[in-house]
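The structure is shown first, and the explanation comes after it.

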Amino acid sequence: MEEVPVKVAVRIRPLLCKEVLHKHQVCVRDIPNTQQIIIGRDRVFTFDFVFGKNSTQDEVYNICIKPLVLSLIEGYNATVFAYGQTGSGKTYTIGGGHVASVVEGQKGIIPRAIQEIFQSISENPSIDFKIKVSYIEVYKEDLRDLLELETSMKDLHIREDDKGNTVIVGAKECQVESVDEVMSLLEVGNAARHTSTTQMNEHSSRSHAIFTISICQVEKNTEAAEDGEWYSHRHIVSKFHFVDLAGSERVTKTGNTGERFKESIQINSGLLALGNVISALGDPRRKSSHIPYRDAKITRLLKDSLGGSAKTVMITCVSPSSSDFDESLNSLKYANRARNIRNKPSLNFSPESDRMDEMEFEIKLLREALQSHQASISQTSQTPSEGVPDQNRIHSLEEQVSQLQEECLGYQDCIEQAFTFLVDLKDAVRLNQKQQHKLQEWFSRTQEVRKAVLTQFPGHQSIGNLEEGPQHCALAADQVLFTQKELELEELRSQVQLMVQENKGHAVTLKEAQKMNRL
Ligand code: ADP
Ligand code: MG
């Protein structure tokens, strides 16, 4: 499996109005036409993508996220997570704020990705899509279902499925049909998210939020469907996680006390665990050693995305203000380490379900074959002697024979008359040699036919003996016919026996297939 590094983007937000008012200096900027960022006087970092203060939401989406959405539709799992200090622009970039009130150009990644997914669905009529969304947050190391607030956190569990993918058991998954439906669910979830006002951000997210959109694709085999044959299909289930991490923060700066202070501790410990996972994965010397995914909920949830089978983009958001220099430098170092993480993206075909479909189809065919055999056997056994179809056939053959006999009699009559007439004519008329020769030929042919009839049906006198001939002829023909019928009957009997044998074979195969299916 090919190794693909986690792609790391850095986005520098513009100075906010209050920062401009307080005459904050800019300490981070992008170097034009490069993928580099300079912080302070001379510290330069290189990333996969760099977005400066004038970058638009559209640019960020098209460059970083669109390829992930296309991969999702191809069948890969994808993750984008936003990292950075409080107030650096994570929620703005991911698009997890009050989505309904945001103008088109300001829309973040989630609304754009949703639009793209539904667009692609409408362009693929040969595929059946089923889309589900879930939205959970990790608040103070507890899971909360943002789409079903009544769900107790004790009912939500992080588990690994049989393919090693991380799943949240107990989270509500809403099946959706349209962009609007997803957007309203996103809005509901965002409203339920833990946010509060800190000195650094009016709407500081106090939790890590994971919005997941999962797509189940069932490929239709239209050709087969048109033929009325089996409807073969292939399942692909892929997921896109949009992760808006809570901001890294310094308690002294946020001015947090009481509950906010406790939150800060939890947020920072989760991010510390994430940092440790990133370090462990990114450090070539520690590659084979233990990766501390289990240290925090967020690292467990991001296991597939960091060092797993998903395609991942990490967007590090930084504030340009010199008052945030330390946090920004830290975030850039964090991001730089993440560049060393390698994932092994794999397509999520489910060969098991394909195999199951094939087996189900086989069973269906066998069942049909069995039913038709059983029906034909019961039909045969309904007639006490030889069976209705055979009798019908004999009857129609008999009719054909008597028809042919009648025709035959007609011809015989004609020939007889012609024979007598020509004998008279031969004596009465003077014929030339050629005519005599022709007539002689005809007489000898008629004689031959007479002889042939006599050999085939002994006792038959002559063509001319019309009183006796047809009766003998009919009797002989009947005899031949009965022998023929008997042979046919014998053949049919052996066919029925063969079918019974075959039927037994099918029953055995069916049993085996059912046994395998149950397994
Ligand atoms: P975070 O989620 O990292 O705590 P937010 O996304 O809430 O930060 O952003 C904090 C403030 O900065 C918000 O008012 C947001 O509108 C603004 N902001 C962030 N990034 C940008 C940007 N690229 N362009 C304009 N405003 C931004
Ligand atoms: Mg936020």
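The model is predicted: local features need pLDDT of at least 70 and side-chain atom pairs pLDDT 80 or more, while totals for chains, interfaces and linings use all residues. Residues are numbered from 1 along each chain as its sequence is written, chains are lettered from A and ligands numbered from 1 in the order written, and side-chain values use heavy atoms, without hydrogens or water.

Rings of Phe, Tyr and Trp (its six-membered ring) pair if their centres lie within 6.5 Å; planes under 30 degrees apart are stacked, over 60 edge-to-face, and the rest tilted. This rule gives eight aromatic pairs. One of them joins Phe-45 and Phe-47, which are stacked at 6.2 Å between centres and 20° between planes. Phe-45 has a relative accessible area of 7% and Phe-47 one of 2%; buried means under 20%, exposed over 50%, and partly exposed in between (1.4 Å probe, protein chains only). Both Phe-45 and Phe-47 are therefore buried.

Tyr-135 and Phe-211 are edge-to-face, because their planes stand at 85° with the centres 5.1 Å apart. Tyr-135 belongs to strand E8 (residues 127–139) and Phe-211 to strand E15 (residues 208–219), so the pair ties together parts 76 residues apart in sequence. Strands (E, at least two residues) and helices (H or I, at least four) are DSSP runs numbered from the N terminus.

Phe-421, in helix H12 (residues 388–428), is exposed, with 52% relative accessibility.
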